[in-house]
Amino acid sequence: MVKFNLNVDLSPVFHWNVKQLFVFITAEYNNTQPGDNRYQNANNNIVIWDKIIKSKSRAKLSLKNKLAKYPLIDQGSNLRGMPVTYKVSWNVVPYTGYLYLQDAPKTFTFTMPESYTTRRPNLSKLK
């Protein structure tokens, strides 16, 4: 399970043609190891959290110790000790015209622990 802090002000993104923003955090990692051909997709981008922002007045996000909506699941042990880069992005949904994607200028890279539990937590207790 991943927890994070996020402080971002997306109110400058809003203008007359912005209906809403779809904000999300992705975890990006490479799961190949030398001599390991088990995976077809070496580069992975997984959404771990998202939110729809419908107005400029709600575009300032200040989240502390927030639990990811979607777990980052290691299908094996390939993420142990590996770097994972977290990135904030948003889709701008206009009233008219094309939907477009923007990325925050900064990313955060965290090295996963060498060992972690293999038991899945009871997620129903976290709500």
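**Figure 1. Polar contact between Thr-26 and Glu-28 in the predicted model.** The side chains of Thr-26 and Glu-28 make a polar contact at 3.5 Å. Thr-26 lies in strand 2, which spans residues 18-30. Thr-26 counts as buried because its relative accessibility is 6%, under the 20% cut-off.

**Figure 2. Surroundings of Thr-26 and Tyr-86.** Leaving aside residues up to four places away in sequence, Thr-26 touches Ile-46, Val-47, Thr-85, Tyr-86 and Lys-87.

**Figure 3. The largest nonpolar core.** This core has 29 residues; those touching the most other members are Leu-6, Leu-10, Leu-21, Trp-49, Leu-72, Tyr-86 and Trp-90. Two or more residues each come from strand 1 (3-9), strand 2, strand 3 (43-53), strand 4 (60-67) and strand 5 (83-94). Strand 2 gives the largest share, six residues. In soluble globular proteins, nonpolar side chains tend to be buried together.

**Figure 4. Strand 5 and its pairing with strand 2.** Strand 2 pairs with strand 5 in the antiparallel sense, over 10 bridges. In this pairing, Trp-90 of strand 5 stands opposite Val-23.

**Figure 5. The hairpin of strand 5 and strand 6.** These two strands form a hairpin with five residues between them. They pair in the antiparallel sense over nine bridges, strand 6 covering residues 100-111. Trp-90 stands opposite Gln-102 in strand 6. In the turn, Gly-97 has a positive phi of about 105°.

Conventions
Residues are numbered from 1 along each chain as its sequence is written. This is a predicted model: local features need pLDDT of at least 70, side-chain atom pairs count only at pLDDT 80 or more; totals for chains, interfaces and linings use all residues. Side-chain values use heavy atoms; hydrogens and water are left out. Helices (H or I, at least four residues) and strands (E, at least two) are DSSP runs, numbered from the N terminus. Buried means under 20% relative accessible area, exposed over 50%, partly exposed in between (1.4 Å probe, protein chains only). A polar contact is a pair of N or O atoms within 3.5 Å; within protein, one must be able to donate a hydrogen and the other to accept it, and residues adjacent in sequence count only if both atoms are side-chain atoms. Contact means heavy atoms within 4.5 Å. A nonpolar core is a set of buried Ala, Val, Leu, Ile, Met, Phe, Trp, Tyr and Cys residues joined through side-chain atoms within 4.5 Å. Two strands pair if DSSP finds at least two bridges between them.
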